[in-house]
Amino acid sequence: MTAAEQYGTAAGLIERSAAAFVAGVPEDPADDGFFGPASVTWKMSSDIAGPVAGLRSLMVQALHPLAMAGVDQHSDWRRDPVGRLAATSTYVTTVSFGERAAAERVSERVRRIHEHVRGTDPETGRPYAASDPALLLWVHAALVESSLTVGRLFGMPLSPQDSDRYVAEMVVAAELVGVPTELVPSSVAELDSYIASVRPELRCTLAARESMAYLLDPPGLDEDIAEIWQDVRYAAVAALPEWAREMYGYDVPPPTPTRREEVRQVLGILDAVYLGEPGVLEARQRIATRMRTASAPTARRA
Amino acid sequence: MKPHRGKIVAAALIGVAGVVGAVVLRRQIGRLTAPAAGRHAVAPAARLRLRRGLAAIQLVARGGARYATNAPRLFALAGEHRQRLRNDLALQTAEDVTTTLGTMKGVLMKLGQMASYVDDGLSPAVRRTLSRLQDSVPPMSPDLAAQVVREELGRPPEEAFARWDPEPIAAASIGQVHRAITLDGRAVAVKVQYPGIAETITADLGNVALLRRMLRITAPSQDVDALLAELRERIVEELDYRREADNQRLFASYFDGHPTITVPKIIDELSTRRVVTSELSDGTRFGEFTEWAQDERDLAAETIFRFVFRSLYELRAFNGDPHPGNYLFHGAGKVTFLDFGLVKHFTDTELQPLMQMARYLCVDHDPEAFRKNLEKAGFLRPDAPLSTDEVIEHMAVFYDTVRESRPMTMTGDYSSAVVRRFFDVRSPVTTYAQIPRSYVILQRINLGMFGLLGELTATANWRAIAEEIWPFVLGPASTPMGESEAGWLARRPAVRSWEF
């Protein structure tokens with residue numbers, strides 16, 4: 001029961017998430033996928049604050065006891081935490097940048113896996129099923145809202161119009177995993193009110209506390225990455241809504257402009273390290289080239 | 001008890017001091033040339049050290065060399081596909097520049113460039129990272145480059161020059177080089193700086209707390225701040241091309257008429273803070289030159305050696321950017337020296353002890369006087385409880401090539417070996433070593449110049465050449481090149497002499 005010794009280390013976090021990213025960006029795509037190079041989603045995905053958004057998003061998602069119980073009881077994250085993150089990373093990248101067929105294929109796979117994820121949350125005593133649209137929607141909304149908030153605080157802030165566009169674009173990602181379209185928020189206002197509506201159900205269960213404690217201070221990171229991770233962790237926690245921080249019992253000083261700049265600098269360094277992984281530069285260039293072409297519709301070259 | 005980085009760096013730098021007055025070559029050439037695997041196998045000490053570093057500094061330390069080699073590469077050489085890709089991704093606005101090189105990336109590139117001569121790390125991963133970082137910076141679009149020229153020279157390039165090639169011919173670390181023909185018909189190279197890059201890098205360098213963490217030096221804070229201040233100052237200087245132009249003028253004027261050394265002249269009226277224009281030089285690049293016959297390589301090495309030590313002792317200046325891209329070779333020992341972006345000027349007070357060290361160790365054979373000067377320069381704590389024999393034992397390696405007058409061959413991994421020697425944390429001397437701020441840059445001699453000479457596997461009687469240049473010897477010409485140099489020296493105005 002005590003999970004301490006079951007934990008795998010986080011060694012290879014950078015290498016494996018980089019490989020996951022590279023694998024998700026097609027080389028010669030048949031179509032632009034569900035978002036495309038002119039989308040806000042692609043723009044968001046190239047921000048250096050991505051790791052913070054990812055971590056913050058996991059922290060928010062984990063506060064739903066049933067979503068957390070599903071992960072806790074069915075996922076092998078303790079044994080292979082990095083592999084688990086890399087799998088999510090591949091999934092998100094493929095849905096964002098992959099061809100439609102590829103995005104549908106990985107989503108179909110996720111839906112199939114979810115069929116078997118059922119059980120009872122020990123703390124609330126409530127039964128859950130991973131295919132329950134309510135849980136899927138929570139996970140989706142936490143991701144979208146985290147990207148927006150972290151972008152605003154530590155990354156490239158979006159205009160209100162682009163924020164709405166981003167939320168609307170992302171609806172399809174929720175549909176792909178099986179949430180009925182009409183349930184999915186399609187504007188920032190809808191997103192916020194949806195999240196507010198779920199709040200009474202949220203709580204920090206033992207499983208959430210344990211898994212987040214691991215993520216915030218993963219053992220086995222290379223020493224230099226561990227140093228960088230301190231800032232990623234700070235930024236993720238600082239970007240949480242007040243109520244979420246209270247549930248976890250975390251207390252961090254709010255980001256002053258100086259602190260924000262320092263976090264961005266550290267994220268720049270992390271980004272440079274990431275860039276050193278095989279294929280990452282090429283994958284980014286594939287994306288950037290397509291975005292360039294999309295933003296300048298008159299072809300610059302015949 | 002782990003050794004900390006500050007001391008290790010200090011130790012490495014101590015070695016440099018020796019090199020300044022002397023040419024270095026391990027006596028046991030076999031050990032240097034022996035196993036190619038040696039480079040990786042040496043590691044225990046190095047690995048320990050690198051473990052302790054943070055990504056950023058590992059990155060700069062270990063990636064630097066590779067980056068430096070690649071930096072000036074012609075875009076076209078990278079293959080047509082890449083050329084097209086780079087054009088597709090060209091930086092079109094100052095904002096693009098900030099996105100690409102902001103949030104420390106420009107600083108990392110600069111630090112990497114510097115560290116490549118201060119440290120010699122081994123991790124292929126980090127080497128790749130830095131090289132990739134460099135690759136990730138596309139050139140400016142023709143319009144953006146033209147905009148910078150317009151802002152700096154007051155006219156668009158088509159008016160400022162008789163002919164302007166909108167396609168850059170080379171990448172500079174924070175800019176790019178265009179070919180042009182001046183209105184009065186001279187072929188020139190125009191280096192154009194990325195707009196906004198100076199501001200971006202200066203702002204990022206302002207975060208001392210972060211730099212401290214990155215370098216993660218646990219040495220007494222005074223040392224860290226001095227080291228940081230030196231790094232920052234050098235980098236900020238490089239951001240102002242006027243500085244570079246001044247330095248290049250200084251070197252060009254000093255070496256004017258030299259039989260084998262050429263420094264392209266600066267075109268004053270076309271040089272500003274972000275644009276520097278100099279005569280266009282043509283010649284063989286280092287990579288290709290290493291395929292030339294050995295006698296040609298020996299001569300070129302002799303020229304480089306003379307250039308470095310004449311600059312140091314007579315101009316009291318050292319070009320701290322001796323990477324392979326900064327040389328063009330013409331045969332018969334003739335070499336053109338490019339890029340004076342990172343020149344360190346020394347005061348006589350700073351140079352004196354270095355000179356005396358060489359003198360007492362190699363010429364006068366007075367170990368105690370040698371040690372006294374080592375301490376005077378600040379390389380060794382005066383109270384170090386070490387015997388002078390121990391100190392000499394530790395330092396002598398740096399003077400091996402000039403302690404005896406006989407031909408010696410520089411070998412491939414020589415400079416790494418010298419640096420490696422001083423990463424030897426088991427040495428008792430390391431504990432008492434310090435880094436005097438002014439000498440930080442001199443480590444570049446180890447990893448820059450000697451690295452190059454090693455790649456050329458150059459043979460010469462380095463001691464005899466050093467004697468020609470050493471102000472405390474001023475020996476007779478020892479080679480044909482020395483003789484023609486003597487003629488040049490006789491014709492040129494005397495430089496400020498040294499007092500002993």
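**Figure 1. Aromatic pairs in the predicted model.** Over all chains, a search of the whole structure finds 24 aromatic pairs (Phe, Tyr and Trp rings, the last by its six-membered ring, with centres within 6.5 Å; planes under 30 degrees apart are stacked, over 60 edge-to-face, and the rest tilted). The pair of B:Phe251 and B:Phe307 is tilted, because the ring centres are 5.8 Å apart and the planes lie at 35°. This pair links distant parts of the chain, 56 residues apart: B:Phe251 belongs to helix H15 (residues 241–254) of chain B and B:Phe307 to helix H17 (residues 294–315) of chain B. Helices are DSSP runs of H or I with at least four residues, numbered from the N terminus. Both B:Phe251 and B:Phe307 are buried (under 20% relative accessible area; exposed is over 50% and partly exposed in between, with a 1.4 Å probe and protein chains only).

The model is predicted, with local features requiring pLDDT of at least 70 and side-chain atom pairs pLDDT 80 or more, while totals for chains, interfaces and linings use all residues. Residues are numbered from 1 along each chain as its sequence is written, chains are lettered from A and ligands numbered from 1 in the order in which they are written, and side-chain values use heavy atoms, without hydrogens and water.

**Figure 2. Charges over rings in chain B.** The charged end of B:Lys191 sits over the ring of B:Tyr241, 5.0 Å from its centre (NZ of Lys or CZ of Arg within 6 Å of the ring centre and within 35 degrees of the ring normal). That of B:Lys344 sits over the ring of B:Phe346, 5.9 Å from its centre.

**Figure 3. Surroundings of A:Ser163.** A:Ser163 lies in helix H8 (residues 160–177) of chain A and counts as buried because its relative accessibility is 12%. Leaving aside residues up to four places away in sequence, A:Ser163 touches A:Leu148, A:Leu158 and A:Val188 (heavy atoms within 4.5 Å).

Conventions: Helix = DSSP H or I, 4+ residues; strand = E, 2+ residues; numbered from the N terminus.
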